[in-house]
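Hi everyone, thanks for coming. I'd like to walk you through one chain today, so please have a look at the screen.

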Amino acid sequence: MAGNPRKTRSELHPGPVRGYCFGGYDGGGHFFDEEPPAGVVCPACGSVLDDAWRPAAIALNTTKDVCSTYDNVTVVTERFVEACRAREVPGVTFHRFSGGRNRHYYFVDASRVLECDLRDRSRFGDRCAACGQHEYIVGGVPPWLQGSGPVPAGFSRTDVAFGSGRARRPLLIIDAQTAEYFDSLRFRGISLMPILESGEG
Ligand SMILES: [Zn+2]
């Protein structure tokens, strides 16, 4: 990571940070490596219709603690999961899968939903005739959220899925204290982008 590692997040971002957009860098591999069962994605635009479906195995090529598949699904290691359990980080469930070469990883599932403020910062594709969703929504990273003040402790996700087709996914969000905890553990590959109050920046 760039910058002085001794600086805490609150020193790096002294303004009113509401939380952080949580993700990882490229880990290789696709969540939809194989064709999913009927009904999981829209056959016309590819938007994900069934968030609960997950593959049992996908081939990854990463040594990072946090990474993202090419189709924007966040993946973490057992080390990361254990750190969350040790701290009882709320709002998150982890789903184990095989990542090839005898390695296991986890998908991150945040159940708590935060509403985005999309005002004039996002671009939308046409509505898909088959599923009614926008074919793409871009410009939302890091997202702007409705309301004000800090996000809830632990993990949340956005109500909007950003991106296009099968790579359209909600964004994961964590609060500032959890971000500082993750910083202290120096997870490899982690990306944390500050979320500011709407109307700023
Ligand atoms: Zn569609």
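Predicted model: local features only at pLDDT ≥ 70, side-chain atom pairs only at ≥ 80, totals over all residues.

Let's begin with N102, which is exposed, having 6 other C-beta atoms within 10 Å. Residue numbers start from 1 along each chain, as its sequence is written.

Where is N102 found? In the loop between β4 and β5. The phi of N102 is near 60 degrees, which is a positive value in a residue other than glycine. Those two strands form a hairpin with two residues between them, and R101 in the turn has a positive phi of about 50 degrees. Strand β4 covers residues 92-100 and strand β5 residues 103-110; they run antiparallel, joined by eight bridges. Strands count as paired when DSSP finds at least two bridges between them. At one place in this pairing, V92 stands opposite A110 in β5.

Now compare another loop residue, N72, between β2 (66-68) and β3 (74-76). Is N72 buried or exposed? N72 counts as buried, because it has 20 C-beta neighbours inside 10 Å. Phi of N72 is positive too, near 70 degrees.

Next, S156, whose place is in strand β9, residues 155-164. S156 is buried, with 25 other C-beta atoms within 10 Å. Which residues does S156 touch? Not counting residues up to four places away in sequence, they are G91, A110, R112, V113, L114, V151 and I173. Touching, or being in contact, means that two C-beta atoms, placed from the backbone, lie within 7 Å.

Leaving aside neighbours within four places in sequence, V76 is in contact with D65, V66, V81, Y105, Y106 and V108.

On to helix α3, residues 176-185, where A176, T178, A179 and F182 are buried. Seen down the axis of α3, these fall within an arc of 155 degrees, so they line one face of the helix. That arc is taken from the directions from the helix axis to the C-beta atoms. Just after α3, R186 has a positive phi of about 50 degrees.

Finally, the whole chain: there are three helices and eleven strands. Helices (H or I, at least four residues) and strands (E, at least two) are DSSP runs, numbered from the N terminus. The radius of gyration is 17 Å, close to the 17 Å that the globule rule gives for 201 residues, so the chain is as compact as a globular protein of that length. That radius is taken over C-alpha atoms, and the rule is 2.2 Å times the number of residues to the power 0.38. Buried residues make up 37% of the 201.

How values were computed:
Buried ≥ 20, exposed ≤ 12 C-beta atoms within 10 Å, placed from the backbone.
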